[in-house]
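Please look through the sequence and the structure shown here before reading on, and keep them at hand while you work through the report.

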Amino acid sequence: MKSEHSTQLADPPTADRSAFAGVLRYYELAKRAEWQIRELPWDELPPVPQYRGSPQKIARRNDIWRSVVTQQLQADELAVELATQLFALAPDPEAKLYYTTMVQDEARHTEAWLRLVDEAGGRGEHDPYLDQLARMQLDADSLEEKVLLMQVFYERLIIPRFRLIARASRGTVLEDLCNRLTVDDGIHHGSGMAYARVLLTNAPKKTERKLVDAANRMIPIFVEHALWRPKAREFVGSLMRDTDIRRLREDLDTGVRLAASLGLDVSDFEISI
């Protein structure tokens, strides 16, 4: 007898579906981890860090945080489109179930960022490289490529950034939101790894080569995205450049290891930083 907590699929396929157990596990995790916008401490904490000093200093510091929030809002607006594509394209019922939660997550994240950017004073400067990354993923011609680029790579590489933002914004709504997104995106990444393993089992060499080519096209743009700073953060960015480059190299090494665990060698690239 199945436990009351086990996942049951409507009209389950008759073939062995044990390979999808990992995908279903993340579906259950996503449901348990779901949270609501009203749970954020909107009326208890400031939206972003607050400062004392001259009006000019306060305005400059607030512009920095507006730019941080804007970039994350931009990312999640694009993620809604990508998650919707994944739901539409996935042929497997287990993946369909999971992507229902991912679409909801990205929509909820966007709603939270929209409210937060409004409370922080409005949108800042747009990140052009993030648009390029999203376009590459939206225009990808295979499900495998979309899963690899979005869930396996980008969702994993964004998690350290949320942790950094949370540490720098203690006692704010921004910190609370970033902590929640760290959990959500960890589930997105884990499910992507689980589904990618299924998709790449017995995949032809041609598919593997296309995925390696796609990853190698993405990496230089990801570098530009990771190091790009809007005008509001140019000065801070110049001071932090050595640290940013070190973290970026660590992120890229992580991406190479993730690909290798799926049987893909994307280590043969040269990035001039």
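The structure is a predicted model, and the values below are computed from it.

On the α1 side, the contact is made by Val23, Leu24, Tyr26, Tyr27, Ala30 and Lys31, while α3 contributes Glu94, Ala95, Leu97, Tyr98, Thr100 and Thr101. Sorted by class, the residues in this contact of α1 with α3 are eight nonpolar, two polar and two charged.

## Helix α5 and its partners α6 and α7

Helix α5 covers residues 143-168, and its axis comes within 8 Å of the axis of α6, the two crossing at roughly 155 degrees. Since angles over 145 degrees count as roughly antiparallel, α5 and α6 are therefore roughly antiparallel to each other. The crossing in which α5 passes α6 is left-handed, and their contact has 15 nonpolar, eight polar and six charged residues.

With α7, helix α5 makes another crossing, at roughly 35 degrees, where the two axes come within 10 Å; the crossing of α5 and α7 is right-handed. Among the α5 residues that meet α7 are Leu148, Leu149, Phe153 and Tyr154, and among their α7 counterparts are Leu211, Ala214, Met218 and Phe222. By class, the contact of α5 with α7 has 11 nonpolar, two polar and four charged residues.

Helix α4 runs over residues 128-138, and its buried residues are Leu130, Leu133, Ala134, Met136, Gln137 and Leu138. These buried residues of α4 pack against α2, α5 and α7. At the start of α4, a side-chain oxygen of Asp127 reaches to within 2.9 Å of the backbone nitrogen of Tyr129.

Arg108 belongs to helix α3, and because its relative accessibility is 7%, Arg108 counts as buried. A polar atom of the Arg108 side chain lies 2.9 Å from the backbone oxygen of Trp35. If neighbours within four places in sequence are left aside, Arg108 is in contact with Glu34, Trp35, Gln36, Ile37 and Asp184.

His189 is found in helix α6, and with a relative accessible area of 10% His189 is buried. The side chain of His189 reaches the backbone oxygen of Gln151 at 3.1 Å. Leaving aside its neighbours within four places in sequence, His189 is in contact with Gln151, Val152, Glu155, Arg156 and Leu258.

Asn202 is placed in the loop between α6 and α7, and because its relative accessibility is 76%, Asn202 counts as exposed. Most residues other than glycine have a negative phi. Asn202, although it is not a glycine, has a positive phi of about 65 degrees.

Notes. Residues numbered from 1 in each chain as written. Predicted model: local features only at pLDDT ≥ 70, side-chain atom pairs only at ≥ 80, totals over all residues. Heavy atoms only, no water. Buried < 20%, exposed > 50% of the residue type's maximum accessible area, 1.4 Å probe, protein only. Helix = DSSP H or I, 4+ residues; strand = E, 2+ residues; numbered from the N terminus. Contact = heavy atoms within 4.5 Å. Polar contact = N/O pair within 3.5 Å; in protein donor to acceptor, adjacent residues only side chain to side chain. Nonpolar A, V, L, I, M, F, W, Y, C, P; charged D, E, K, R; others polar. Axes fitted to C-alpha atoms, helices over the stretch in contact; angles between N-to-C directions. Parallel < 35°, antiparallel > 145°, perpendicular 65-115°, else oblique. Left-handed = near helix turned anticlockwise from the far one by under 90°.
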